[in-house]
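Please keep the structure open while you read.

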Amino acid sequence: MSTKTIEQFFTGKTLSIPAYQRDYAWTTTNVDDLFEDIEEAMDLGGGHYLGTFILSQPDRHSPMHVVDGQQRLTTLTMLLNALIEKVTDKDVRSFYRSTYISHPVHGSKFTVLGENQIFFENLLKGNPPAPVSDGQERLRAAYDWIQQRISATAEAGGQDALKKWLTSISNLEVLEFTESDEGKAIRMFQSVNDRGVPLAKMDIAKSLLIYYSNRFLSGELDTMIAERFGEAFRCFSQIKRLAAQSGYQIRIINRDPFREDDVFRYHYFAFDGEPYDAPCGVDYNATSETVLEEFLKPSLKGMRSDRERLRKFIEAYVSDLASFFKGLLGLVTTTRQDRQLYMLFVIQDVSATLYPLLIRLHLQKRLNNRVENHLNRSLLQLIEMVDLRVYKIQATNPQADIAALIKGLNSLDDESVANTLLFVCQRFMPSAKLQARLSDEAMYRNPGTLRIFLAYEDTTRQSQGAALLSTDELVALVKDGITIEHVIPQEPSFGIKQYGFHSEESYLENIHLLGNLLPLEKRINSACSNNSTEDKISSRKLYRTSAFHSVKTLAAKHANTSPAFNKRAIHERSASLAAFAVSTWPMSEAELTE
């Protein structure tokens, strides 16, 4: 351990980011923080502490692996390169380039993650290829911003300012830890404060597992753990990117707070630790902190005196965790081709409580297994029904029931899984309750309303001999925006009594019922504004232009009536749609045929 200047730190080293590390993650805000640190050092006229770097080097002839500090080192290298490129003095350029960027004999001083290295090299040379990953996108965005800031510095202070910056960076101080054993270096990393991306429970779990491998298994699983966690981090990066794409957005995953720790927690519910006497999923309210502190740490501690059991547990747990991330990536990827999964994840926004169940059944290749005694429906269809009836319409989250199902999944056949799902529906949202709620209660803000309408659209198209909306057509509609429209407007500019409402209270009690709602493209909804129902139905530019057959069918049905729609029509349509929902997601064969 020693304190060094940046120049001393780089001298005599070849630095490399190991494959298990996550991609570049800094944003331009983090870059601005680094600039602020350097500017502060320049203002103070002396050294300034930049942070800590943890390195590992098995032997003195190999590159030094950056276990902790890769974000700062990557950004620092881009900053130094941008400064060097702006300096006109050839001798100065040659000195700093050989010190920080590329040694004339040994080559690149700093290399990044495998497939990113060619991109990074070309980025520094000024001719990067098109980014193919989130990490590469962030690298390019950070370097573009760095170049803009350096250009502004050169414009304001000329060559003297650029040289002053290079000198100031060279004098920045860092604390360096170097371990010959990578496992020990990674274990050290979790106790060191790193400015930038916050330390996740997944990172701590990786460090903890490598520590136990290194300390109690002579390091035999160090590489496996590092590689599997690297796979998980890369899978998650792809998951976030796919879930953010226009037309395929998955709201739960696309939220900024959704991180690797969420999938780490889902895995806790689905992992079978019983063979290793490490009960998992017992706390259905578990957080990622709970998983780490109350499951993983005690389990490892309890096995450390039993080398074989510890080895088998770590192998099973880490491999299954990586597979779990791959499973979620597989589901998210398949929404591109599978209409049912698209409906479930993108349209219906299936509850996060059901993610562990979906991922595990997907990994077991059971999601599409059909259960003859339950109307020959697949397990995926039954999960959709539970989510719609219980989580969306009822707005209840039966965590204990679902956690118990997931925990026992390996010992349950398909029919037993189906029985449990039907039990949850029957307990929290039986058909009579579902029909009453959809008939009589406000559904405008309910997250299940759009899914019901899209199912009704399918039925309408089938009855008319038309093709169902394809996944591509659904994607196009979602990109443009699908809204929930009020047939009789929310804020009418006309008398309400002619529509059957005897008072304003009566109007407000009925206006958000299912029967007064329909799906409509955002642009058409905006054009409808607060026009009367008659105008919306008769105009050739409003309901009649919709891609939804169910909307055009409603317009045709009420085209010659006066008023075009009223309170009675709302109640009749609400009852009809409620009956349709029960028969589309039935509990029994009798409901299916009603």
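This is a predicted model: local features need pLDDT of at least 70, side-chain atom pairs count only at pLDDT 80 or more; totals for chains, interfaces and linings use all residues.

A pair of rings is described by the distance of the centres and the angle of the planes.

| Pair | Centre to centre | Angle of planes | Type |
|---|---|---|---|
| F271 and Y317 | 5.3 Å | 90° | edge-to-face |
| F313 and Y317 | 5.8 Å | 20° | stacked |

F271 lies in the loop between α11 (260-270) and α12 (288-303), while Y317 belongs to helix α13 (residues 307-334), so their pair ties together parts 46 residues apart in sequence. F313 and Y317 are both in helix α13, four residues apart, so about one helical turn separates them.

F271 is buried, as is Y317. F313 has 0% relative accessibility and counts as buried, because the cut-off is under 20%. Y317 also has a relative accessibility of 0%. One aromatic cluster takes in Y268, F269, F271, Y276, F295, F313 and Y317.

Charges also sit over rings. The charged end of R72 is over the ring of F53, 4.7 Å from its centre. For R149 the ring is that of F35, and the distance to the centre is 4.2 Å.

D349 is placed in the loop between α14 (339-347) and α15 (355-363). Its relative accessible area is 15%, so D349 is buried. Leaving aside neighbours within four places in sequence, D349 contacts I250, R251, I252, L344 and K392. D349 and K392 are 43 residues apart along the chain, with 9.4 Å between their C-alpha atoms.

Notes
Residues are numbered from 1 along each chain as its sequence is written. Side-chain values use heavy atoms; hydrogens and water are left out. Helices (H or I, at least four residues) and strands (E, at least two) are DSSP runs, numbered from the N terminus. Buried means under 20% relative accessible area, exposed over 50%, partly exposed in between (1.4 Å probe, protein chains only). Contact means heavy atoms within 4.5 Å. Rings of Phe, Tyr and Trp (its six-membered ring) pair if their centres lie within 6.5 Å; planes under 30 degrees apart count as stacked, over 60 as edge-to-face and the rest as tilted. A charge sits over a ring if NZ of Lys or CZ of Arg is within 6 Å of the ring centre and within 35 degrees of the ring normal.
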